[in-house]
Amino acid sequence: IGSTYNVMGRRFVRIWELASAGRMSEARALQTGANEIIAALIETGVTAGLKAILRERGIAAGRCRPPFRPPAPEKERALLATVERVERQGPA
């Protein structure tokens, strides 16, 4: 079960719709954006990063418990900037 579906569900549904309709270049473009967010999550720490994205969207997701650590502030800012940039690029 992909945890990134919690923050990119619409994007993945749209990728499926486009691919199913044979609109592969559009699907690939959305997948590239998803890949950028996933890479930023890996850099930040996936669990802590997902919680940061949810918090930014107004969803009280709490903080990570040990052994996970909160992300470094600069990594969290970079993650949220990536999410914002990708979401501005196209429909999802």
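**Reading helix packing in a predicted model**

Modeller: The axes of α1 and helix α2 (residues 24-44) cross at roughly 155° and come within 8 Å, where axes are lines fitted to C-alpha atoms, for helices over the stretch in contact, and angles run from 0 to 180 degrees between N-to-C directions. This is a predicted model, in which local features need pLDDT of at least 70, side-chain atom pairs count only at pLDDT 80 or more, and totals for chains, interfaces and linings use all residues. Residues are numbered from 1 along each chain as its sequence is written, and side-chain values use heavy atoms, with hydrogens and water left out.

Colleague: Are α1 and α2 roughly parallel or roughly antiparallel to each other?

Modeller: Angles under 35 degrees count as roughly parallel, over 145 as roughly antiparallel, 65 to 115 as roughly perpendicular and the rest as oblique; α1 and α2 are therefore roughly antiparallel.

Colleague: Is the crossing of α1 with α2 left-handed or right-handed?

Modeller: A crossing is left-handed if the near helix is turned anticlockwise from the far one by less than a right angle, and right-handed if clockwise; α1 passes α2 in a left-handed crossing.

Colleague: At what angle do α3 and α4 pack?

Modeller: Helix α3 (residues 46-56) packs at about 60° to helix α4 (residues 73-89), with the axes 10 Å apart, which makes α3 oblique to α4. The crossing of α3 and α4 is right-handed.

Colleague: Which residues meet there?

Modeller: With contact taken as heavy atoms within 4.5 Å, Gly 49, Ala 52, Ile 53, Arg 55 and Glu 56 in α3 meet Glu 76, Leu 79, Leu 80 and Val 83 in α4.

Notes
Helix = DSSP H or I, 4+ residues; strand = E, 2+ residues; numbered from the N terminus.
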